[in-house]
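Please look over the two-chain assembly shown here before reading on. The report below takes up its interface, its cores and a few individual residues in turn.

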Amino acid sequence: MNDAPLLPLAAAPPVAAPHTYAARSVSTVMAWVMAALTPATVYGFWLYGWPALYLWLITIGCAVGGEAFCLRLMGRRPGPILRDGSAVLTGWLLAVSLPPWAPWWIGAFGGAFAAIFGKQVFGGLGQNPFNPAMVARVALLISFPVAMTSWVAPLPLGSAAAPGVLQSLAITFKGIPTDFDGVASASLLGYSKTEMTRGIDLLHSLAHAGAPGVAWGGFRPGSLGETAALLVAAGGALLLWLRIISWHTPAAMLAGIALPAAIGHALNPGQYLDATTHLLAGGALLGAFFIATDYVTSPNTPAGQLIFGFGVGLLTWVIRTWGGYPEGVAFAVMLMNVMTPVIDRYVKPRAFGRDRRGRPIAARRVN
Amino acid sequence: MGLMERLFKTPAWGVHPDDRKQPAAAVPLRVLPMPERLYIPLLQHVGAPARPVVLVGQPVLKGQLIAEPGGNISAPIHAPTSGTVIAIGDLTAPHPSGLTLPAITIAADGADRWAELHGCDDPFALAPEEITRRTAAAGVVGLGGATFPSAVKFSLGKRLDVGTLIVNGGECEPYLSSDDRVMRDFADAVVDGVRIVMHAIGARQALVGIEDNKPEAIAAMRRATEAYAEVKVCPVPARYPMGSDKQLIQTLTGREVPADARAAEVGVLVHNVSTCAAVHRAIRKGIPLIERIVTVNGGAVKNPGNLWAPIGTLIDDLLNFCGVVEAPARLILGGPMMGTPLPHGRTPIVKGASGILAFNAAEAAVPEAGPCIRCGSCAKACPMGLLPMEMAAHIRADSFKGAERFGLADCIACGCCAYICPAHIPLVQYFSHAKGELSAQERASLRNDATKRLVEARAARIERETQEKAAAAARRKAERDRAKAAAAALSTTVTAEEISS
């Protein structure tokens, strides 16, 4: 035998099978989710004008900044880790759930809070027990209830009343000027709740509310990227089609809202909103397709996702109906996030050749 | 079976990698010119290594036995060509460790002279046991990659009354097309082999599972089986790992092999198409397993394709014949999903070598691993229904028992999880590591138990000996006392007699 190899290997890294990989990586998954969020977000920019765009930029910037700060503290190079896109997505998800004309510090505080206290304190991507965007939203809602529930009526870009680029900067950084009247408005859920507390039932308070068509189209007061149900659902459909999410969580969550809402409404329409309104209002659709489907904080078996999704939906309906806040998606998601490890512990797939308890199945012979 | 599975007839498990079988699969089979030297490892099968029966310097003929089985589960090895044995010694094994393996080196004389062969014109007149014996003598092992001695499986099938033979023509690994080529070019031989195997195990029907990405192979096999109603060609969806026994059995028969059980327990036995062709050659013509079809493929290969090559050919010889466009960045024995990376090309092909892949730098790029985002892709892909991310989390924390509770023992190392993982976590390596640790622990605990048993046995023996000594001493003492008493009594009597007299 001669000693010199005939064809030396260019490099021989210590590797093992498999030697080939699927094209989809963490950053492409994040990029697709962002792409799915884009239609509803861009519509929000148009609907609420420049302040919405500024808030979106500030929120994402501070989420990325917060993550980079934490990575620096840990002595890691932020560049490669930030490129996975998860910090941008967290900021984006938070931004679309904020009132579009919220002051800059709402976005700044929320973005940084999401990245630092929602995610990095637990060890970064994949380690957080709660959905970071919802952690920040709940923190903001509890700390700054007024700023977080000040909605504006749609003032589309190009319309006469819409604030200009510079005026919008003033709105975002100094607050809504007092002479800029006629914009304060209320979301449907907030309005109906307020009226209920005043003793006016839904039959009267919602007599003049818009038809569901408005909710599908989104020309109404609400969070930055939540109002256009059709566009949010289209984004969700894209994620389903790409198999980035499965149908289990969204379907179960929407069922969890719709079932009790339909029953309640059938029993007492004056007291309980109907299912369509519930599904199209607030963050129900955004939550179902983009928030509750967060990989890190939801169960990873189909059966577990059905339980999780239904729980989120049911809790959302309970909080909306009897809670102190008009909207409950964020609270419901966080409550079910806590349950995720428990669900994952008890709901496991059946392994091949075993029953649900892990014992070998009996052999059934061919013929 | 999930909803999607019933709707689309595609299994919910597994992955669908780009198959990369073309253009290599379409290129006609080429015959490799006989290399000058062949390096034939003595362990090319599951079980004990074969024992050489030739000496250095001894001339051998093509097909002559050069090593006999080393145990009950083992296989003999034959000379792939005529020539002279020039060395019996160590050689780099086709294994990533680069460890050595005993091998016989033969210098070919170029004449390629056959030894006397004993074929059989009517194998169906032979007793099944005789077929099993001849298959064993021909050194036929599972050619799908598992290399389990085929004859051992035949006897098992006969004993467990297997009614159905499943013929594995799945070839689900990307890049590989050796089974495809066998079915296209030697369909009649494969079908004849299938019928001989059926006779050997007493099977009533045979189902040939072929992935639907091999239409030519399906057509060729359909033609070859026209005359035999008992052999049915069944196209199956192209889905990795369709070629895995349990998955193929489930797809073809709907039967799930219980965990910890063998396929034979659900009444089926699985043999690869190439194995069946090898059985045909062994029984009909008496030719032992000394040659096979090897796919040579990968981005670094100039003319990829399938080669008819003798066992023991160096991988470098195969690559030199096919040509390379660049120095391979990685050499793999087998497919890209489960194949073993090789330290260098100076290792020989063995009976189980279905393919040799020479990857270029782009193909060999290993993406950097990131943290798990719990997306569950691995669990969806796992054909065994396990939770790879949970097992990996336990293994990261050195909790091998925890991973075992999540079904580590059921893992077939197919690589679906690591292939699909968007964070590129090397999950299979985690599992291999944990399996190794667990078996080491098992061995250590067996050793401990054995030591404990020896210590206890020693203590018990010492205790017993002490007791026996004490008992013997007591017995002796009692005897002495008795003797004394008797003596005393005797003397008393004597005295009395003396007195009386």
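What follows is a short report on this predicted model.

## Overall make-up of chain A

Chain A contains 17 helices and two strands, and its C-alpha atoms fill a box of roughly 95 × 60 × 35 Å when taken along the principal axes. Of the 367 residues in chain A, 54% are buried. When the contacts in chain A with a separation of 6 or more are considered, 75% of them come from residues 24 or more positions apart.

## The interface between chains A and B

The two chains meet through 48 residues of chain A, which are in contact with 76 residues of chain B. About 5300 Å² of area is buried between chain A and chain B, and carbon and sulfur atoms give 58% of that area. Across this interface there are 17 residue pairs in polar contact, counting pairs with both residues at pLDDT 80 or more. On the side of chain A that touches chain B, the residues divide into 29 nonpolar, 11 polar and eight charged.

Four salt bridges are found across the interface of chain A and chain B. One of them joins Arg354(A) to Asp260(B), with the closest N and O atoms 3.7 Å apart.

## Arg374(B) and its partners in chain A

Arg374(B) sits in the loop between helix 10 (361-364) and helix 11 (377-381) of chain B, and it counts as buried because its relative accessibility is 18%, under the 20% limit. Not counting residues up to four places away in sequence, Arg374(B) touches Gly126(A), Tyr295(A), Val296(A), Ser298(A), Pro299(A), Asn300(A), Thr340(A), Asp344(A) and Glu390(B). Its side chain has a polar atom 3.1 Å from the backbone oxygen of Ser298(A), and a polar contact of 2.8 Å joins the side chains of Arg374(B) and Asp344(A).

Asp344(A) lies in helix 17 (residues 329-346) of chain A and, at 7% relative accessibility, counts as buried. With residues up to four places away in sequence left out, Asp344(A) touches Ser298(A), Pro299(A), Asn300(A), Thr301(A), Arg374(B) and Glu390(B).

## Nonpolar cores

The largest nonpolar core holds 105 residues, of which Ile244(A), Phe290(A), Leu427(B) and Phe431(B) touch the most other members. Helix 1 (residues 26-48) of chain A gives the most to this core, with 12 residues. Apart from neighbours within four places in sequence, Phe431(B) is in contact with Pro388(B), Met391(B), Ala392(B), Ile395(B), Leu408(B), Cys411(B) and Cys417(B). A second, separate core of 47 residues includes Cys120(B), Leu126(B), Val141(B) and Ala277(B).

## Helix 3 of chain B

Within helix 3 (residues 150-159) of chain B, the residues Ser150(B), Ala151(B), Phe154(B), Leu156(B) and Gly157(B) are buried. The elements that cover them include helix 2 (128-137), helix 5 (187-201), strand 12 (268-272) and helix 8 (273-285) of chain B. Just after helix 3 of chain B, Asp161(B) takes a positive phi of about 55°.

## Salt bridges within the chains

Over all chains, the whole structure has 27 salt bridges. In chain A, Glu67(A) forms one with Lys119(A), the closest N and O atoms being 2.8 Å apart. This pair links distant parts of the chain, since Glu67(A) is in helix 2 (residues 50-73) of chain A and Lys119(A) is in the loop between helix 5 and helix 6 (132-143) of chain A, 52 residues apart. Both Glu67(A) and Lys119(A) are buried. Lys119(A) is also among the residues in contact with Ala114(A), a residue of helix 5 (residues 104-116) of chain A that is buried with a relative accessible area of 0%.

In chain B, Arg284(B) forms a salt bridge with Asp192(B), the closest N and O atoms being 2.8 Å apart; the pair links helix 8 of chain B, which holds Arg284(B), with helix 5 of chain B, which holds Asp192(B), across 92 residues. Arg284(B) counts as partly exposed at 24% relative accessibility, whereas Asp192(B), at 10%, counts as buried. The side chains of Glu291(B) and Arg281(B) also meet in a salt bridge, at 3.2 Å from N to O. Because Glu291(B) lies in strand 13 (residues 291-297) of chain B and Arg281(B) in helix 8 of chain B, this pair ties together parts that are 10 residues apart in sequence. Salt bridges that share partners join Lys62(B), Asp112(B), Arg281(B) and Glu291(B) into one network.

Notes:
Residues numbered from 1 in each chain as written. Chains lettered and ligands numbered in written order. Predicted model: local features only at pLDDT ≥ 70, side-chain atom pairs only at ≥ 80, totals over all residues. Heavy atoms only, no water. Contact = heavy atoms within 4.5 Å. Buried area = accessible area lost by both parts, 1.4 Å probe. Polar contact = N/O pair within 3.5 Å; in protein donor to acceptor, adjacent residues only side chain to side chain. Nonpolar A, V, L, I, M, F, W, Y, C, P; charged D, E, K, R; others polar. Core = buried A, V, L, I, M, F, W, Y, C linked by side-chain atoms within 4.5 Å. Buried < 20%, exposed > 50% of the residue type's maximum accessible area, 1.4 Å probe, protein only. Helix = DSSP H or I, 4+ residues; strand = E, 2+ residues; numbered from the N terminus.
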